[in-house]
Structures are given as C-alpha cells and as structure tokens.
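Subject: A structure for you to look through

Hello,

I am passing on the structure that I mentioned, together with some notes on what was found in it. Please keep it open beside this email while you read.

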Amino acid sequence: MDEIFSVITNNEDETMLVADKLAQTVGKGVVFTLEGDLGAGKTHFVKGFVRGLGSKSLVTSPTFTLLNVYEGGKYPVYHFDMYRLSSKEEAEELGFNEYFDLKNLDGIVLVEWPNQVEGLINCPHIDIKIEKLDGDKRKIIVGSKS
Ligand SMILES: Nc1ncnc2c1ncn2[C@@H]1O[C@H](COP(=O)(O)OP(=O)(O)OP(=O)(O)O)[C@@H](O)[C@H]1O
Ligand SMILES: [Mg+2]
C-alpha cells in the first residue's frame, strides 16, 4: 500500500467527519477497502461516508447479509462486510466481481474485512486502515493499491 495521508481522530464523530469530507471529494466508480480490528470504527467510517454523499439511509453492520445498499445520496453506496463470509466462492456466487468493473460501476463500494476476499478485488482501490490507539483515539491511514 502507498500511503497518501493519515489522520488521528479522538472519537467516533471525528471519524465520521473524516469520512464525510472524503466522500464529498470522490466520484462514482471508486472502491474502498476498510481494514482494522473488531470495533476499530470501519462501520462508523461508512456511516460518515454515506452522510457525506447526502443520504439519510441508516447504516448498519450487515450481520446476516454480506451487502447493504444505501440510496438517496449523490451515488449509491455498496457496503460489504465480509467478516462472516465462509469462502471466496460464496462471494463469487454473490456476483462480488461485478463491482470491480469500475467503468460500469454506478456508485461507490466499501468493503469491510477485505482480507476475506483476498485477490478478488482486482482493480485499483483506496485502502483505509483504522488502528486503535489509546482510549477512543484512532489512526486512519489512507493509501492506494493498484
Ligand atoms: N475514534 C473513533 N472512531 C470510530 N469509532 C470509535 C472511535 N472511538 C470510539 N469508537 C467506538 O468504537 C466502535 C466502533 O464500532 P464499529 O462498528 O464502527 O467498528 P467496526 O470496525 O466496524 O467493527 P466490526 O469489525 O465489528 O465490524 C463504536 O462503538 C464507536 O463508538
Ligand atoms: Mg463493522
């Protein structure tokens, strides 16, 4: 990963604000991966991102579904959470690959736990890593992967 920038946030609101502002700078056809331990703040990042696109959709952790779609904003957001994925084949059966044909992607893709689908995200993407620091502090590292 090539680091682009990193930022430290002090609470969930700041993490959401970083994502909100970032969302306002990107166009459709962009894929983000979100790495970080359980409870790092990946889903809160998605919440802020969806808000930044102007959508009022409620962002939740897709517990039993691997994909949530949030409409109502500038672009649809495809939120994958691969934590409970049993195999890469399951993702392929879901049509996961179709989201990486960037020219035809009508929205933005965010993938939690991308290590579960290692090798399947075969397009250039932005990699977000959230590291837990002391207390509510988090380090958000934004990088690119080709
Ligand atoms: N700086 C921060 N940024 C984001 N979340 C924070 C921060 N400080 C504390 N939190 C808390 O950490 C938790 C993050 O939860 P969240 O569901 O976003 O994590 P996650 O990385 O998606 O976890 P999972 O791997 O289970 O999906 C929330 O309870 C949130 O309030
Ligand atoms: Mg989550």
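How many residues surround ligand 1, and which are the closest? There are 17 residues around ligand 1, and the closest are Thr15, Gly41, Lys42, Thr43 and Asp136, where a residue counts as near if its C-beta atom, placed from the backbone, lies within 6 Å of the molecule. The elements that give two or more residues to this shell are H1 and H2, helices being DSSP runs of H or I with at least four residues and strands runs of E with at least two, numbered from the N terminus.

Please bear in mind that this is a predicted model, in which local features need pLDDT of at least 70 and side-chain atom pairs count only at pLDDT 80 or more, while totals for chains, interfaces and linings use all residues. Residues are numbered from 1 along each chain as its sequence is written, and chains are lettered from A and ligands numbered from 1 in the order in which they are written.

Helix H1 (residues 12-23) and helix H2 (residues 42-52) pack at an angle of about 45 degrees, with their axes 7 Å apart; axes are lines fitted to C-alpha atoms, for helices over the stretch in contact, and angles run from 0 to 180 degrees between N-to-C directions.

Seven strands form an open sheet with mixed pairing, in the order S1-S7-S6-S2-S5-S4-S3, and two strands pair if DSSP finds at least two bridges between them. Strand S1 (2-9) and strand S3 (67-70) stand at the edges, each with a single partner strand, so one side of each has no neighbour in the sheet. S1 runs antiparallel to strand S7 (residues 138-145), joined by seven bridges, and Asp2 stands opposite Ser144 in S7.

Best wishes
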